[in-house]
Amino acid sequence: MQMRRLGSNGPQVSALGLGCMGMSAFYGGRSDDADAVAVIHRALDLGVTLLDTADMYGPHTNEVLVGKAIADRRAQVFLATKFGIRLDPGDPTARGIDGSPAYAAAACEGSLQRLGVEHIDLYYQHRVDPGVPIEDTVGAMSRLVEQGKVRFLGLSEAAPDTVRRAHAVHPITALQSEYSLWSREPESNGSLAVCRELGIGFVPYSPLGRGFLTGAIRSVEDFEADDYRRTSPRFQGDNFARNLALVEQVHALAREKGVSAGQLALAWVLAQGDDLVPIPGTKRRQYLEENLGALDVSLDRDELARIDAIFPLDAAAGTRYPAAGMGALQR
């Protein structure tokens with residue numbers, strides 16, 4: 001397994017991690033626990049060390065699942081989870097953001113219990129709370145480090161100025177944001193630049209465009225009824241058709257190179273810098289192994305230029321989230 005360092009002074013982790021969200025939430029049809037555990041075990045057997053979850057996935061059920069999977073393999077795992085988004089189990093559309101110091105402490109205790117671990121390796125604030133100064137939130141998170149409950153701190157989808165202010169309170173090891181061929185905003189909004197300036201690692205989530213870049217999704221009808229992508233702007237109407245046309249061009253390049261479209265898309269993300277550690281998610285061992293094959297795909301300068309010509313900045317049609325979700329980004 002190739003290894004990469006999270007930030008200039010952070011830990012070494014596998015060059016590709018495993019996002020576990022889809023095993024329990026949002027992508028329709030929760031995985032059978034035995035199958036999900038088998039995927040996690042296979043990832044660990046293949047050298048993956050970084051596992052990513054969050055308390056809001058389920059809510060809570062994904063942390064329980066991950067905890068079950070790593071119960072006898074804790075030493076192999078660099079475990080990341082997140083707090084800050086509160087869901088109403090009775091109404092999955094109702095959610096709020098809480099970055100208060102008291103909630104940070106309480107949420108950590110809950111995650112430790114569900115995961116069945118004594119410490120969390122990387123603890124992210126999932127979304128920035130506009131009602132709480134980031135200094136207060138990160139100050140509370142730093143106390144968790146002092147108490148030995150957390151090793152490293154991270155932020156997710158935070159604006160560059162927020163990252164700077166947070167890093168001044170306590171070193172931020174990683175910033176997690178969506179980044180892929182069809183979500184290249186970190187290049188233009190300053191996220192990647194501030195991470196490189198401050199020596200912070202960058203963890204792209206959804207590096208396969210929520211599965212779209214693999215070419216497996218041909219119609220919104222491919223989604224199960226409870227799959228949130230049915231309501232995502234990029235998967236609607238004309239946006240879907242325009243984005244599918246882009247993916248078809250990526251497929252053509254992948255066929256020419258003798259790799260899958262997903263491997264080409266992941267190889268592109270990996271080629272953007274050794275400070276990036278993508279966390280593609282999957283429910284199936286077959287796709288896990290295919291994703292890891294991207295580590296063996298090298299792209300030369302001409303190939304990267306051809307990919308960039310297909311997917312320049314802002315090429316994807318539609319916003320990443322519906323309006324309410326977009327409002328919680330880059331705070």
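This is a predicted model: local features need pLDDT of at least 70, side-chain atom pairs count only at pLDDT 80 or more; totals for chains, interfaces and linings use all residues.
The lining residues are L16, G17, L18, P280, T282, L288, N291 and L292. Helix α10 (residues 285–292) supplies the largest share, three residues. The space in the largest cavity is about 30 Å³, and the structure holds one cavity of 30 Å³ or more. A cavity is a set of points on a 1 Å grid over the protein atoms alone where a 1.4 Å probe fits but cannot get out, and lining residues have an atom within 4 Å of a point. Helices (H or I, at least four residues) and strands (E, at least two) are DSSP runs, numbered from the N terminus.

Residues are numbered from 1 along each chain as its sequence is written. Local features need pLDDT of at least 70 and side-chain atom pairs count only at pLDDT 80 or more, while totals for chains, interfaces and linings use all residues; side-chain values use heavy atoms, with hydrogens and water left out.

R320 sits in the loop between α11 (301–310) and α12 (323–326). R320 is buried at a relative accessible area of 8%, where buried means under 20%, exposed over 50% and partly exposed in between (1.4 Å probe, protein chains only). The R320 side chain makes polar contacts with the side chains of E157 (2.8 Å) and E178 (3.0 Å). A polar contact is a pair of N or O atoms within 3.5 Å; within protein, one must be able to donate a hydrogen and the other to accept it, and residues adjacent in sequence count only if both atoms are side-chain atoms.

A salt bridge is a side-chain nitrogen of Lys or Arg within 4 Å of a carboxyl oxygen of Asp or Glu, and the count comes to 21. One of them joins E185 and R234, with the closest N and O atoms 3.5 Å apart. E185 lies in helix α6 (residues 185–188) and R234 in the loop between β11 (201–205) and α8 (237–257), so the pair ties together parts 49 residues apart in sequence. Salt bridges with shared partners join E157, E178, E185, R210, R234 and R320 into one network.

Elsewhere, D121 and R74 meet through their side chains in a salt bridge (3.1 Å, N to O). D121 is buried at 2% relative accessible area, whereas R74 is partly exposed at 21%.

Technical notes
On a 1 Å grid over the protein atoms alone, a cavity is a set of points where a 1.4 Å probe fits but cannot get out, and a pocket is an open set with protein on both sides within 12 Å along at least five of seven lines; lining residues have an atom within 4 Å of a point. Grid points are joined across faces, edges and corners, and a volume is the space filled by probe spheres set on the points.
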